[in-house]
Amino acid sequence: MAGVTRWTGREVGLLREALRKSGKDFAALVGVSHRQLVTWENRGETIRLRPGNQEALDTLLTRAGIDAQQRFAALLTEKAAVEHDERAEELLRSDPHSVKHPLDGKIMVLIEEGIYLSGAEDIPIWVEAFRIDAYPTTNADYERFVRATGHRPPKHWPGGRYPDNLFDHPVVWVTWYDASAYAAWAGKALPTSAQWEKAARGPKGRKYPWGDDPTAAKCNVQDSEIGHTTPVSRYQSGVSPYGVFDMCGNAWEWCSTTTEKGRYELKGSAFTSPFTRSAPSLTNDANATMSDNDTSFRCISLLTK
């Protein structure tokens, strides 16, 4: 496991908690005084560690056992979920089928097993039950992953951290490999094309998440003339029958379904696409190494029997 992009006092404290060390023992491992450690933890986001301190913490995290690394990742996501939780808590209150994932803290909704109408020809397809993220993976979600694993941040993050005004926008400039790495870290998977489409169209095969009327105002597409991504909870009227947001427009989403070697399906269209490309039944694909300013992802988890 690689180090955190920039350690804050909060993360220092969470690492100590994950390692289950006392303040004095942890300070000795890092090579600082107990007083210095207390100062770090109390100052939170305001600290700027010296390169040697940063390296010591990175090394400690890298050499920690897998159990401690997983505890650290879980603690990070729990803390972050508390900080950006208003829309998540609203979903949990209003939908008994919604749960908060224990690792990345994202709200997931249940897609029950059964047949749905697939593709432009509405072919009946059976899909087993699963849960899917109610919202695409946001920049805030992805930063927690980057901090926990040291994974390369997206190219549009200055200094390796997302711009404050984009915290609730879908993360973009991510390859299929980036999306898969996040899913593996969170103990999830990328959806198949069929799973994604069922979550978007519902069991009766709506043409769009909100119904059969072609209403471009219910999503962020080229016709909207916004020209960039928007917050993932913005289009309340465009939600799918299962309560899943942004299944039309905003950003294309990677799926696990291959079209040919090295290429994977993309679903949902984006702010760069005309509304005529936004129907969830339509298909697109790209090379797994492709990244762009209009490509994101969300995850699913299978139900244990």
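User: What is the strand order of the open sheet of four strands, and which kind of pairing does it have?

Analyst: In this predicted model, the order is β8-β7-β6-β9, and the pairing is mixed. Strands are DSSP runs of E with at least two residues, and helices are runs of H or I with at least four, numbered from the N terminus. Local features need pLDDT of at least 70, side-chain atom pairs count only at pLDDT 80 or more, and totals for chains, interfaces and linings use all residues; residues are numbered from 1 along each chain as its sequence is written, and side-chain values use heavy atoms, with hydrogens and water left out.

User: What makes β8 and β9 edge strands?

Analyst: Two strands pair if DSSP finds at least two bridges between them. Strands β8 (284-287) and β9 (295-296) each pair on one side only, so they are the edge strands by this definition of pairing.

User: How do you know that β7 pairs with β8?

Analyst: Four bridges join β7 (residues 263-267) to β8, against a requirement of at least two; the two strands therefore count as paired. They run antiparallel, and arginine 263 stands opposite asparagine 287 in β8.

User: Why is lysine 106 called buried?

Analyst: Buried means under 20% relative accessible area, exposed over 50%, and partly exposed in between (1.4 Å probe, protein chains only). Lysine 106 has 5%, so it is buried. The residue lies in the loop between β1 (98-100) and β2 (107-111).

User: What makes threonine 137 a buried residue?

Analyst: Its relative accessible area is 0%, so threonine 137 counts as buried. Threonine 137 lies in the loop between β5 (130-133) and α7. Not counting residues up to four places away in sequence, it touches Lys106, Tyr142, Tyr182 and Phe297, among others.

User: Why is glutamate 143 placed in the buried class?

Analyst: A relative accessible area of 9% puts glutamate 143 among buried residues, because the limit is under 20%. Glutamate 143 is found in helix α7 (residues 139-149). Beyond its neighbours within four places in sequence, it is in contact with Trp157, Arg161 and Tyr162. The C-alpha atoms of glutamate 143 and tyrosine 162 are separated by 7.3 Å, although the residues are 19 apart along the chain.

User: How do you know that the buried residues of α2 line one face?

Analyst: In helix α2 (residues 23-30), the buried residues are Gly23, Phe26, Ala27 and Val30. Seen down the axis, they fall within an arc of 100 degrees (taken from the directions from the helix axis to the C-beta atoms), so they line one face of the helix. The face turned away from the buried side carries the exposed residues Lys24 and Ala28. The cover over the buried residues includes α1 (9-19), α3 (34-43) and α4 (51-63).

User: Which residues touch the most other members of the largest nonpolar core?

Analyst: A nonpolar core is a set of buried Ala, Val, Leu, Ile, Met, Phe, Trp, Tyr and Cys residues joined through side-chain atoms within 4.5 Å. The largest one holds 26 residues, and Tyr142, Tyr182, Trp185, Leu190, Trp254 and Phe297 touch the most other members. Elements giving two or more residues to this core are α7, α8 (176-185), β6 (252-260) and β7. A second, separate core of 21 residues includes Val12, Leu37, Leu60 and Leu61.

Conventions: Contact means heavy atoms within 4.5 Å.
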